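Please find below my notes on the model you sent. They are in numbered points, to be read beside the coordinates.

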Amino acid sequence: MQPFSYVRPSTVQEAVTAFSHAGAGARYIAGGTTLYDMMKLRIEAPASLIDVTAIEELDKIETHSDVLRFGARALMAEVAANEVVARDYPVLAEALSKAASQQLRNMATVGGNLLQRTRCMYFRNGEGVYPCNKREPGSGCAAIGGLDRGQAVLGTSPACTAVSPGDWPVALTAMGASVEVVGPSGSRMIPINDLYLLPGNSPHLEFGLIPGEMITLITVPKNGSARGSTYHKIRDRWSYAFALTSAAVALEIQGSIIRNARIALGGVATRPWRAAEAERVLNGARLTPETALEAGRAAFAGATAGSHNAYKIELGIQTVSDAILIAAERSRS
Amino acid sequence: MNSIRNPDNAAERPGSFAESAKLSRRAVLGASAVGAGVAVVATAFPASAGDAVETEISPLPFPSPNALMLHTTVNSVDVAVEIDPRTSLLDLLRERLHLTGTKKGCDHGQCGACTVHVDGRRVASCLTLAAKLEGRDVTTIEGLSDGPDLHPMQQAFIDHDALQCGYCTSGQIMAAVACVREGHVASREQIREYMSGNICRCGAYVGIVAAIEDAARKMERT
């Protein structure tokens, strides 16, 4: 591992200043479950690390106003166990508790998790053997035409099919969350939708952040659909695995008519994927197993498979359909 | 190896859990350090007692321009040690402090063999930068027993034959103790879910779950 310098500032301003002084090659680090891992794999080689975990102002978890507020340093395990989140926002609690293991959820922060990088095996383990446009821009993509069982079927490009690996970002995308970032030119709020980039011709650019910006806060608007929600995750094994397919669904239902549907997909796309087509099928419709399946089909209407991942389309359709029925059941209770 | 799994013989067998637990912390640290042939270069202080005790910590294996001093507590002993910032908590424990009970499996946070507690929370020590431990409190498998008395979870793993090769066991036990303290032992299903970060390639899972159920009852009573 390349040597690096390490500092641990105690305020956001100190951290931003430290980043500016360190210049190119500086990285913020929180739990380290992605970045330190990537450094061991020699995918990341920062010259200096700015540890943001001593910044106490990033700790707050506020659930009492009309907007949920999660400080970026709050641990995934802490937010998952929060009473209000667990009771009133099952989609958020399940996305967190079905991610990783309790050890990793005790380390990883809810802010840092938004910037988790792909588990594409050519990206992670292909150094010196396989080309990868994320690792070395312009070198090519070995996953396309390769062993692509885990690759994305939505949002792909001829340069990259790597899956966005997270669960929490998918749930936040369904719930219309926003992210506060602070950088050299001040702070700004960005919709979570704008945090993620499609791979296009530049798959090495993954996040809509300016160098030196750090995530400080996540906000989730309260809405009537939160209780009728679920994060439904299908894996190769029952626990402790990345999603093959997943669906975050939140429904507001009056009588048997769906008034407000929110759907996002994980495990199948190159970024957290808002399924607007599926939402359109549901909004104003009567909830039946047939409408749920129709919404699932709409979500994957634009999907394209490679050699070994066509199963994700059918599995994804069923995942969305099942998630809609689970969310609907909860919205009635 | 069978005697380790036999509670009747375990106390008599040198190197067994029970035998190790009879040794003082200082003696354990010293014995392993002498075995590794390293110099006495740093001091460690018992967190509670007044007088300083010198113990063996290996020096930095190479000069580091980025070296920093880390002040942390490991198994109730205050430790001051110079580290390179690249060092993981796992490598600090094993290579510098000679606490080799914590195992390196995958070194990428995927197997759970390196599980320790930091401020009471279970973490993967392989993905924890040692530099983050400044001012914090680390507990490893060596710090779990109360003197010669095994922790109920250690005893339960022996009683329920919850291992074969034993490589994952210290991580399993540290995760299991935290699992009980978190309150995630309401059912076998919940135990399996909250222990899923600890892989046992021998497949001793049935015994592991039984041991945790058993130890959870005993931990509640104490």
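This is a predicted model: local features need pLDDT of at least 70, side-chain atom pairs count only at pLDDT 80 or more; totals for chains, interfaces and linings use all residues.

1. Two packed helices are described by the angle between their axes and the distance between the axes. In chain A, the pair to look at is helix α10, residues 289-299, and helix α11, residues 311-332. Their axes come within 8 Å and cross at roughly 140°. An angle over 145° would count as roughly antiparallel; at roughly 140°, α10(A) is therefore oblique to α11(A). The crossing of α10(A) past α11(A) is right-handed.

2. Which residues make the contact between α10(A) and α11(A)? From α10(A) they are P289(A), A292(A), L293(A), A295(A), G296(A), R297(A) and A299(A). From α11(A) they are I317(A), Q318(A), V320(A), S321(A), I324(A) and L325(A). By type, the residues of this contact are nine nonpolar, three polar and one charged.

3. In chain B, helix α6 covers residues 152-159, and its buried residues include M153(B), Q154(B), A156(B), F157(B) and I158(B). After α6(B) comes D161(B), which has a positive phi, near 55°.

4. The partner of α6(B) considered here is helix α7 of chain B, residues 169-182. The two axes come within 10 Å and cross at roughly 125°. α6(B) and α7(B) are therefore oblique to each other, and their crossing is right-handed.

5. On the α6(B) side, the contact with α7(B) is made by M153(B), Q154(B) and F157(B), and these residues are also buried. On the α7(B) side, the contact is made by T169(B), Q172(B), I173(B), A176(B), V177(B) and V180(B). Six of the contact residues are nonpolar and three are polar, with no charged residue.

6. Is D37(A) buried or exposed? This aspartate sits in helix α2 of chain A, residues 35-40. D37(A) has a relative accessible area of 1%, so it counts as buried; the cut-off is under 20%.

7. The side chain of D37(A) makes a polar contact with the side chain of R124(A), at 2.9 Å. Leaving aside residues up to four places away in sequence, D37(A) touches G32(A), R119(A) and R124(A) in chain A, and H108(B) and L127(B) in chain B.

Methods: Residues are numbered from 1 along each chain as its sequence is written. Chains are lettered from A and ligands numbered from 1 in the order in which they are written. Side-chain values use heavy atoms; hydrogens and water are left out. Axes are lines fitted to C-alpha atoms, for helices over the stretch in contact, and angles run from 0 to 180 degrees between N-to-C directions. Helices (H or I, at least four residues) and strands (E, at least two) are DSSP runs, numbered from the N terminus. Angles under 35 degrees count as roughly parallel, over 145 as roughly antiparallel, 65 to 115 as roughly perpendicular and the rest as oblique. A crossing is left-handed if the near helix is turned anticlockwise from the far one by less than a right angle, and right-handed if clockwise. Contact means heavy atoms within 4.5 Å. Ala, Val, Leu, Ile, Met, Phe, Trp, Tyr, Cys and Pro count as nonpolar, Asp, Glu, Lys and Arg as charged, and the others, Gly among them, as polar. Buried means under 20% relative accessible area, exposed over 50%, partly exposed in between (1.4 Å probe, protein chains only). A polar contact is a pair of N or O atoms within 3.5 Å; within protein, one must be able to donate a hydrogen and the other to accept it, and residues adjacent in sequence count only if both atoms are side-chain atoms.
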